[in-house]
Amino acid sequence: MSGKARWSQVWWVDLGLDENKRFAVVSENGWNETFSTVIAVRLTTSPNRDPGPGFPLLRSKPPTIAVCGEVTTIHEDDLIEVADKLTLGEMRQIAIGLLEVTQAHRLIGITHPDIAERIGERKRRLQRLRRRSEAV
Amino acid sequence: MMRRITVTLDEALEQAIAEAHELLGVEADASDAEKFRAYARLGYEQMLEDELDEARLGTYRTWADEPESGVIARAASRRAAARGAYEGS
């Protein structure tokens, strides 16, 4: 049965290793309900690693880093148990990490979200949208 | 007392300003000041992108020797293949 996993959930996953691993589901729910697989990003709480682009720090307690380069397909039969649910802000960090490891934003002509924020583009875009919606 | 500052542009720059409005995303009849602001913004954006590129590659290097790096990805692929996730592809 498809659809047991939801976007933003963190699952313990059995990969046949010594211990189960934690993955965050990044595939949207339409996908999750249709297919027997999910797209997921590995999370690690290894204390010896620093976060950075492509490896966003989601939480500081315990330090939880998303390894966005290790985005993978997981069959739902290997999803063992829901471990957690990420917030919108944490999922946004993963989304930015995915952009960083794929550089997809450059292909579609979008400024990196953090840079857009620093140069005020986001604010300007919101102002433009607001003006447009007021004009309609 | 206010002082007037005169800036002289060379011809090449004037030509670039005349042509560049589309790339800069400003109106064709935008003022030079507006175009300069757009140039500055573009340059700043590029500088931030370069900084981010450097940080990204530096982060990759620090993670490259993580013991679990690649191991889990391989295990996940093997597992997904064994479950038939890639059948038909």
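In the predicted model, helix H2 of chain A comprises 15 residues, which at 1.5 Å a residue should span 21 Å, and its end C-alpha atoms are 21 Å apart, so that the two values agree; the expected span is taken as 1.5 Å times one less than the number of residues. Helices (H or I, at least four residues) and strands (E, at least two) are DSSP runs numbered from the N terminus. Residues are numbered from 1 along each chain as its sequence is written, while chains are lettered from A and ligands numbered from 1 in the order in which they are written. Because this is a predicted model, local features need pLDDT of at least 70 and side-chain atom pairs count only at pLDDT 80 or more, whereas totals for chains, interfaces and linings use all residues.

H2(A), residues 88-102, lies across S2, S3, S4 and S5 of chain A and runs at about 70 degrees to S5(A); axes are lines fitted to C-alpha atoms, for helices over the stretch in contact, and angles run from 0 to 180 degrees between N-to-C directions. The buried residues of H2(A) are A:Glu90, A:Gln93, A:Ile94, A:Gly97, A:Leu98, A:Leu99 and A:Glu100, where a residue is buried if 20 or more other C-beta atoms, placed from the backbone, lie within 10 Å of its own, exposed if 12 or fewer, and partly exposed in between. These buried residues pack against S2, S3, S4, S5 and helix H3 (104-107) of chain A, together with H3 of chain B. H2(A) is followed by A:Gln103, whose phi is positive, near 55 degrees.

The strands of chain A form an open sheet of 6 strands in the order S4-S5-S3-S2-S1-S6, with antiparallel pairing; two strands pair if DSSP finds at least two bridges between them. S4 and strand S6 (79-85) of chain A stand at the edges, each with a single partner strand, so one side of each has no neighbour in the sheet. On average, neighbouring strands of this sheet are turned by 40 degrees against each other, direction ignored. Strand S3 (residues 37-44) of chain A pairs with strand S5 (residues 63-75) of chain A over 8 bridges, and within this region A:Arg42 has A:Val67 of S5(A) as its bridge partner. Strand S4 (residues 57-60) of chain A is joined to S5(A) by a hairpin through 2 residues, and the two strands pair over 3 bridges. Strand S2 (residues 21-25) of chain A runs antiparallel to S3(A), with 3 bridges between them, and A:Val25 has A:Ala40 of S3(A) as its bridge partner. H4(B) also packs on the sheet, touching S2, S3 and S5 of chain A, and its direction makes about 25 degrees with that of S5(A).

Between the chains, 23 residues of chain B are in contact with 25 residues of chain A, two residues being in contact if their C-beta atoms, placed from the backbone, lie within 7 Å. H3(B) gives the most to the side of chain B that touches chain A, with 13 residues.
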